[in-house]
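Please examine the sequence and the predicted structure shown below. A report on selected packing and pairing features then follows.

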Amino acid sequence: MDFGGINPVILLASLMVASTPILLAALGEMVTEKSGVLNLGVEGMMIFGAVCGFIAAVETGSPTLGFVAAALGGMALSMLFAVLTQIFLTTQVPAGLALTLMGLGLASLLGQNYVGIKPPSLPDLHVPLLQDIPILGPILFQHDAVVYLSLLSVVAIWAFLKFTRAGLVLRAVGENHAAAHALGYKVKLVRFAAIGFGGAMAGLGGAYISLVRVPQWTDGITAGIGWIALAIVVFASWRAGRVLIGAYLFGGITVLQLNLQAAGAKVPVELLSMSPFLATILVLVVISARRHGASNAPAMLGRIFHSS
Amino acid sequence: MKRRTLLTAAAAASALTLGLAAPSFAQDKTKVGFIYVGPVGDGGWTYEHNQGRLAVEEHFGDAVETIYQENVPEGADAERAITQMALSGADLIFTTSFGYMDPTINVAAKFPDVKFEHATGYKTADNVGVYSARFYEGRAVQGTIAGMMTKSNKVGYIGSFPIPEVIRGINSAYLHAKKVNPDVEFSVVWAYTWFDPAKEADAAQALIDQGADVILQHTDSTAPQAAAQKAGNVITFGQASDMGEYAPLPRVSSIIDNWAPYYIARVQAVMDGTWESDNTWDGIGAGMVGIGEITDAVPEDVKAAAVEVMNSIADGSYEPFTGPINKQDGSVWLAEGETADDGTLAGMNFYVEGLTGEIPQ
């Protein structure tokens with residue numbers, strides 16, 4: 001069952017683990033952007049979530065509480081951004097960048113006493129029956145709860161935006177906040193909620209790195225993954241399904257190229273190293289180009305709403 | 001990091017105003033700057049440089065002021081960071097990563113009165129000295145342990161960038177593993193980063209999936225240690241720092257960089273006005289490279305062999321690169337009994353015979 005010295009089952013299983021943080025953060029950011037808000041603070045919220053989750057998990061011994069704390073931490077930080085941009089009408093780009101810097105600094109401060117501690121591990125949630133399916137079982141159904149949660153969120157967010165009234169309102173706010181306001185929708189409230197959701201998802205993604213993927217706390221642990229998540233939202237032209245493709249492509253090829261190197265494949269390492277970026281951009285650009293990709297951006301993205 | 005930049009910028013501004021008001025005031029303290037490639041909490045490379053900085057502060061007390069900037073990317077942005085530090089009135093600046101080599105040389109040309117010390121590079125100038133540690137001596141000890149302890153005969157090696165320092169480490173570890181275990185094989189994964197915990201963990205995981213039961217790393221975070229611990233039955237070595245929190249397993253020993261004595265000596269030289277451009281390259285013997293405790297997870301005979309290698313290197317009776325050694329293509333590098341000269345070592349860009357794969361160019 002080997003393929004060039006690589007066992008595809010193990011590879012695909014670790015691909016899902018590697019992609020989950022990006023997927024969670026990108027989904028959250030997509031919802032935020034759909035409401036017309038550009039929050040560049042994903043990296044900051046992720047690392048803040050990572051440290052909050054790590055501390056909570058270590059102190060309580062429960063990884064579940066860790067993830068809850070991570071979501072709350074990410075949300076708390078995003079609320080700062082919400083207050084700045086929605087109430088004080090600050091420009092969103094610098095506010096988001098400031099959020100990243102602040103998140104990195106705060107996380108480094110909070111995490112100082114937690115370097116070198118091993119967090120409680122999150123048990124794998126083996127789906128009964130399904131996990132016994134040959135090949136598919138070990139790939140799909142022997143992961144931890146957060147992986148399933150991230151996949152469920154893809155469907156839930158897609159359905160929410162497409163089929164529910166609340167989703168329609170959120171999109172309306174993102175497309176034309178003046179009209180939505182005129183119709184009596186609470187533009188700021190909707191945006192507060194969307195920003196908070198984005199923060200919570202980014203926090204979860206961060207905690208997945210510090211609690212599962214790496215399991216440890218180190219300064220700067222997210223190492224720029226938040227920026228990748230931001231880029232994936234754009235390349236996925238604000239569609240949940242494509243965010244999934246983008247995140248899995250990026251995470252998957254990252255893992256694949258390391259495996260290819262370890263297996264001694266005769267491919268230049270430089271090419272392998274840039275392959276995650278190349279492939280992700282290429283694939284998402286191609287699928288977006290076919291149907292009005294970039295024009296799919298929420299019309300009010302990054303604009304300040306002033307209800308006069 | 002921008003936050004730090006702001007602080008340095010602010011410091012630069014205030015130094016300027018102070019300088020105008022009282023020209024002699026700023027001269028009282030010797031200002032020493034450090035440029036770091038990762039965060040000081042990485043638990044590895046940057047952590048140890050920062051320990052050196054703290055030792056300087058402790059040794060000189062009020063006579064020095066140290067400043068530092070974390071997470072400075074290698075390349076063009078480094079030039080900006082170093083320039084800013086020089087502008088802020090630093091008398092001596094340590095740039096602590098290989099990729100700062102050209103930026104350091106460029107900035108140094110613009111600030112002839114500021115002294116620069118670049119770690120692990122090879123370009124010097126009148127006001128630029130270089131220093132490094134002979135990590136490959138420590139790799140010889142690790143290779144010995146790795147070769148004797150591997151059961152799968154597969155050793156995984158996480159490389160950062162294909163630069164001489166890293167290649168030396170791979171060659172040294174391989175030669176000494178091969179010496180005690182002729183069947184040993186090395187797989188090298190290039191991570192193309194010094195610090196990215198998630199990627200380092202993935203790289204370690206990929207090597208473990210490929211059957212490696214020993215992981216050597218030349219990246220800065222403790223993430224590979226955590227990955228090995230999760231996998232079980234895999235041993236690792238602390239890199240740059242002791243990483244003792246992962247002892248006794250998976251971390252069975254470590255290479256510890258000890259920069260403090262060198263930093264203190266160089267700061268003293270600047271204070272005395274005796275500083276000159278130098279090229280310092282010390283190893284186990286001089287104490288710049290330390291070997292962390294070999295844990296009880298290592299069998300006695302392996303430990304004895306490792307300690308013997310370590311001691312013979314320390315007292316100078318043994319050189320890790322002693323012939324006969326062939327290059328990867330089979331050509332002779334060192335004849336029987338010949339030892340490598342520092343010039344070849346400093347620019348090493350080839351694998352020794354037996355290693356598979358190519359070095360990315």
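The report treats helix packing, a sheet and a salt bridge in turn.

This is a predicted model, in which local features need pLDDT of at least 70, side-chain atom pairs count only at pLDDT 80 or more, and totals for chains, interfaces and linings use all residues. Residues are numbered from 1 along each chain as its sequence is written, chains are lettered from A and ligands numbered from 1 in the order in which they are written, and side-chain values use heavy atoms, with hydrogens and water left out.

**Helix pairs in chain A**

Helices (H or I, at least four residues) and strands (E, at least two) are DSSP runs, numbered from the N terminus. Axes are lines fitted to C-alpha atoms, for helices over the stretch in contact, and angles run from 0 to 180 degrees between N-to-C directions.

| Helix pair | Axes come within | Crossing angle |
|---|---|---|
| H2(A) (residues 42-60) and H4(A) (residues 92-110) | 6 Å | roughly 20 degrees |
| H7(A) (residues 165-175) and H9(A) (residues 187-213) | 10 Å | roughly 105 degrees |

H2(A) and H4(A) are therefore roughly parallel to each other (angles under 35 degrees count as such, and 65 to 115 as roughly perpendicular). Residues of H2(A), including Ile47(A), Phe48(A), Val51(A) and Ile55(A), meet residues of H4(A), among them Leu99(A), Gly103(A) and Leu110(A); contact means heavy atoms within 4.5 Å. By class, this contact of H2(A) with H4(A) has 11 nonpolar, three polar and one charged residues. Here Ala, Val, Leu, Ile, Met, Phe, Trp, Tyr, Cys and Pro count as nonpolar, Asp, Glu, Lys and Arg as charged, and the others, Gly among them, as polar.

H7(A) and H9(A), by their angle, are therefore roughly perpendicular to each other. Val169(A), Leu170(A) and Val173(A) of H7(A) make the contact with Val187(A), Val190(A), Arg191(A) and Ala194(A) of H9(A). That contact comprises six nonpolar, no polar and one charged residues.

**Sheet in chain B**

Chain B holds an open sheet of six strands in the order E2-E1-E3-E4-E5-E11, with parallel pairing; two strands pair if DSSP finds at least two bridges between them. Its edge strands are E2 (64-69) and E11 (279-282), each pairing on one side only. From one strand to the next, the twist averages 15 degrees. Four bridges join E3(B) (residues 92-95) to E4(B) (residues 115-119), and Ile93(B) has Phe116(B) as its bridge partner in E4(B).

**Salt bridge in chain B**

Lys123(B) and Asp102(B) meet through their side chains in a salt bridge at 2.7 Å, N to O (a side-chain nitrogen of Lys or Arg within 4 Å of a carboxyl oxygen of Asp or Glu). Lys123(B) lies in the loop between E4 and E5 of chain B and Asp102(B) in helix H4 (residues 101-110) of chain B, 21 residues apart.

Technical notes: Parallel < 35°, antiparallel > 145°, perpendicular 65-115°, else oblique.
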